[in-house]
Amino acid sequence: MAAARTPPDAADVGEIRGKGRGGGSGRFGGSVRAIGRALRLPVTGAARGIRKVTHAHGAGESGLGKLIELHAVNGAGDVMITVALASTVFFSVPTDEARGRVALYLAITMAPFTVLAPVIGPLLDRLPHGRRAAMAGAMLARALLALIISGAAATGSLELYPAALGVLVASKAYGVVRSAVVPRLLPPRFSLVKANSRVTLGGLLATGVAAPIGAGLQALGPRYPLYGAFVIFLAGTFLSFTLPPKVDSAKGESFALLAADEQPGQAVRKPGLRTVGTAVTHALGANASLRWLSGFLTFFLAFLLRDHPLTGSSAAVSLGIVAVSAGAGNALGTAVGAWLRARAPEIIVVVVVAFVLGAAITAAVFFGAFLVACLAAVAGFSQALAKLSLDALIQRDVPEAVRTSAFARSETLLQMSWVLGGAVGIVMPLNGTLGLCVAAAVIAAGWLLTARGLLGSARHGGGGPRVV
């Protein structure tokens, strides 16, 4: 009698079918899928980690997390264009010729920018319902201009300069709109300074990641960082529209009042920028001196270290050390600003300017590699912390109806201070001690002119009327 046959189980059926199709193709397909998952894991894991950080503490629900990611994209794209322009204008020619080309670049791009920048804020004040579209437009404009610059960089055409001007204007427009958007995306129990700190830190981290990638693309050819910028800004164009619809709402913005303006039985005057008192103007002056120092150190040290590198290092390594020090200081200042949460902003500004003044004097007297790196770090730290304190004062003292214009005008002044510092850095003799003595003198003047007013404002609880 024949033995009873047992039905094959699922594993046997799978093995039989695999063999019938040509011997092990099922196992091969599984191996391919496993390899694909392994290759995707670093990317998807990193993306999930970034999303977890940016969306923490309610930032995901409020939409602030998406703005942090958008600002990171903005920083990465900007640094790609910066790498390409630096290689085209600065590194490709001898030092004397490079100084002339950099000066020409500043003059051609920043002179028209001085006229256009003050218009951007008031214009965007009148377009509150199109903020997402404005941010997307700023991203798309820079994507297209990156392609134009890529052609100009290869041929040496003068169209490089107007295209660079367009990038500056688009970047400024994005920055102004971002300043107006942040208050609308605050999570519960989240201060505005903390939100601005988190957004700024996201941009700094993205810049730190994108800079070496841009340098690697530059090694392949002058156009490749600009192609990278095109892709990044194009992604930012679509990411802008993922922000919550409330970004485009202007609810309440036209009804901001000053406590000093409210008089029973009287019509309320339209709030203006002249009603903010002295705290904002003194803090702006102190920030202008720090931004001047940033521009000065950027160009002065760039040319100085190109001809006289730090001891034991090449010119590229010397510039890298200073840049990393400044970036680390900036990130630390941003983090400390978030931790302080806008406590006593006037005192913070006075202290950090005095701090950077001491560092500048020390570096001038005992000029050396270590102290130059320390000065760059201290300058970055102080600039970030002072700027967050200025933002806190603007949020405290400036009427909401004109706050966007206040941000735009303050940013314009700070940008022009940076350009002025850069221009002085270009024309200064390449003597480290002399250059840092001049820098210390400018910081000392800025501190002396603003410290008394800021301390007086702090003693009286603020230098002007408060927004209600």
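**Exercise 1.** Find which residues Leu-301 touches, leaving out residues up to four places away in sequence.

*Solution.* Start with the cut-off: contact means heavy atoms within 4.5 Å. By that test, Leu-301 touches Phe-296, Arg-306, Leu-319, Val-322 and Val-372. A word on the model: it is predicted, so local features need pLDDT of at least 70 and side-chain atom pairs count only at pLDDT 80 or more, while totals for chains, interfaces and linings use all residues. Residues are numbered from 1 along each chain as its sequence is written, and side-chain values use heavy atoms, with hydrogens and water left out.

**Exercise 2.** Work out which members of the largest nonpolar core touch the most other members.

*Solution.* A nonpolar core is a set of buried Ala, Val, Leu, Ile, Met, Phe, Trp, Tyr and Cys residues joined through side-chain atoms within 4.5 Å; buried means under 20% relative accessible area (1.4 Å probe, protein chains only). The largest core has 53 residues, and Leu-293, Leu-297 and Leu-301 touch the most other members. Next, look at the suppliers: H10, H11 (315-340), H12, H13 (369-397), H14 (403-427) and H15 (432-459) each give at least two residues. Helices here are DSSP runs (H or I, at least four residues), numbered from the N terminus. H10 gives the most, 16 residues. Finally, another core of 40 residues lies apart from this one, with Ile-81 and Ala-170 among them.

**Exercise 3.** Describe how H10 (residues 278-307) and H12 (residues 345-365) pack.

*Solution.* First, the angle is about 25 degrees and the axes are 10 Å apart. Axes are lines fitted to C-alpha atoms over the stretch in contact, and angles run from 0 to 180 degrees between N-to-C directions. Angles under 35 degrees count as roughly parallel, so H10 and H12 are roughly parallel to each other.

Technical notes
Angles under 35 degrees count as roughly parallel, over 145 as roughly antiparallel, 65 to 115 as roughly perpendicular and the rest as oblique. Buried means under 20% relative accessible area, exposed over 50%, partly exposed in between (1.4 Å probe, protein chains only).
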